[in-house]
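Here are a few notes to read alongside the model. Keep the structure open and follow the points one by one.

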Amino acid sequence: MNVRRLPGFMYHYKTATILVFSMVLLIVYLLLHWGIMCTNLEAWRHVSNVCSTHRKGDAIGILCDPLCAERGIHSLACETLHAGKEAVFSAHWEATRLVFKASRTKTTAEQFESLYWTDASGMKHFPSEEDFGNMIRDLVVSKLNVTLARHQLERLTRLRTHRVETEPTRRQLEMENLWPLLQENEYLISILYEDRDIFPQLIGTCGTFYAVEYVRPIETPTTVLALSDSKPEWAKRLKLAVMILDLLEELDTNFPEPIHLCDVKINHFGLPLGGQKLKFLDLDAAFPKTIISRITSDKKACKRHEDCDYFDCRTVCSKNKRCESPVLNNNLQIVCEKIFLGWTLSGTIIIPGLLMSEHTTSTLAVLLRQCANPAGDIEHLPRAAVPDSLKTRLYNMLHEMEQEIAASV
């Protein structure tokens with residue numbers, strides 16, 4: 001079509017033009033809303049808002065001055081795929097790269113508990129230090145089923161600042177900044193388990209924003225071309241698979257109770273810049289087993305098993321149409337199904353996963369299928385945990401293959 005005739009075409013087909021234009025706007029809005037697409041303008045807008053709050057004296061934290069006054073934090077860049085978050089953007093602070101995060105604003109009704117109460121004259125009444133500590137204890141038990149040690153409670157009751165606030169007004173402001181952060185699974189886990197090296201390290205806060213170390217998400221081909229790759233590439237895949245299994249083992253054994261990953265994607269695993277230890281990035285979807293059981297059993301009446309699922313964590317819908325706990329599958333089952341094998345339809349692999357290649361042996365392929373569906377359920381999504389014996393066989397096989405391939409290349 002001649003470009004010069006486009007205005008006339010649009011005039012004669014106004015309805016179709018408006019419809020197409022509206023659809024394009026809707027698609028762009030949804031891509032931005034779901035975090036699939038973003039712009040750096042969003043990152044600057046979020047910084048402008050939090051710095052405005054900081055200048056008013058309502059936002060505090062060790063990152064406020066570098067972010068707002070000193071301009072020591074720079075090179076802001078938006079980060080995609082952050083459903084559930086109001087903001088996720090990366091930045092540089094001197095030689096350190098970090099990721100800022102903030103959750104979507106919640107109404108008072110959606111929060112666990114109000115921090116303070118307001119009297120008829122509008123004056124805020126804050127909890128005592130003892131009451132604030134008890135509120136945090138109850139919150140952590142509710143969210144993570146963890147009883148806090150004294151040093152953990154002390155860490156959670158204070159922002160990471162250079163001094164302990166004792167002046168009443170400043171301390172109340174600190175509580176106001178802390179309370180929204182404490183509602184975040186990622187913030188809590190980052191502090192409670194900051195001695196572990198399988199989660200990104202918390203660096204600091206400013207208002208309701210918190211920043212963690214930047215960890216580069218793992219990327220892997222997800223096309224049919226991935227079925228054909230070189231030996232060095234296959235060696236990298238095997239090494240990554242072994243690292244994922246090591247991380248899952250830590251989640252199963254090194255915590256008060258097993259941590260379930262309920263939203264498993266390859267880009268939710270990552271390596272720190274210059275690091276060799278794999279980390280899990282989506283802590284909003286990481287819960288102790290007890291908490292997942294509570295979430296699913298609290299649901300209303302169900303009709304199908306899928307009605308009782310919490311993302312990838314799966315329970316069952318009983319004969320009396322209620323969700324039963326506990327969670328039936330485990331992290332390894334989900335990883336085998338969604339990462340190692342890839343996307344399947346009617347038992348056929350449509351998009352190959354990390355361990356599906358021309359180098360995949362028939363023995364490994366069989367083991368992966370058993371791992372992805374331990375009970376062999378062909379009617380529903382797999383709802384069984386991978387047995388320890390199968391886990392050991394898979395780990396040993398992958399470790400041996402990785403050592404042999406690495407030696408040959």
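1. Before we start, a contact here means heavy atoms within 4.5 Å. Also keep in mind that this is a predicted model.

2. Let's begin with Glu165, which sits in the loop between helix H6 (150-156) and helix H7 (168-182). Leaving out neighbours within four places in sequence, Glu165 is in contact with Arg158, Arg170, Arg171 and Glu174. Is Glu165 buried or exposed? With a relative accessible area of 8%, Glu165 is buried.

3. Some of those partners turn up again in a network of salt bridges that links Glu129, Arg158, Arg171 and Glu174. In one of these bridges, Glu129 pairs with Arg171, and the closest N and O atoms are 2.8 Å apart. That pair links distant parts of the chain, 42 residues apart: Glu129 is in helix H5 (residues 129-144) and Arg171 in helix H7. Glu129 is partly exposed at 41% relative accessibility, while Arg171 is buried at 4%.

4. Next, look at Glu174, which forms a salt bridge with Arg158, the closest N and O atoms being 3.5 Å apart. Here Glu174 belongs to helix H7 and Arg158 to the loop between H6 and H7, 16 residues apart. Glu174 is buried, at 1% relative accessibility.

5. Now over to helix H13 (residues 388-408), which has 21 residues. Its buried residues include Leu390, Leu394 and Met397. Seen down the axis, the buried residues of H13 fall within an arc of 130°, so they line one face of the helix. They pack against helix H9 (231-253), helix H11 (331-341) and helix H12 (362-372). On the other side of H13, Asp388, Ser389, Glu404 and Ala407 are exposed.

Terms used: Residues are numbered from 1 along each chain as its sequence is written. This is a predicted model: local features need pLDDT of at least 70, side-chain atom pairs count only at pLDDT 80 or more; totals for chains, interfaces and linings use all residues. Side-chain values use heavy atoms; hydrogens and water are left out. Helices (H or I, at least four residues) and strands (E, at least two) are DSSP runs, numbered from the N terminus. Buried means under 20% relative accessible area, exposed over 50%, partly exposed in between (1.4 Å probe, protein chains only). The expected span of a helix is 1.5 Å times one less than its number of residues. The arc is that of the directions from the helix axis to the C-beta atoms. A salt bridge is a side-chain nitrogen of Lys or Arg within 4 Å of a carboxyl oxygen of Asp or Glu.
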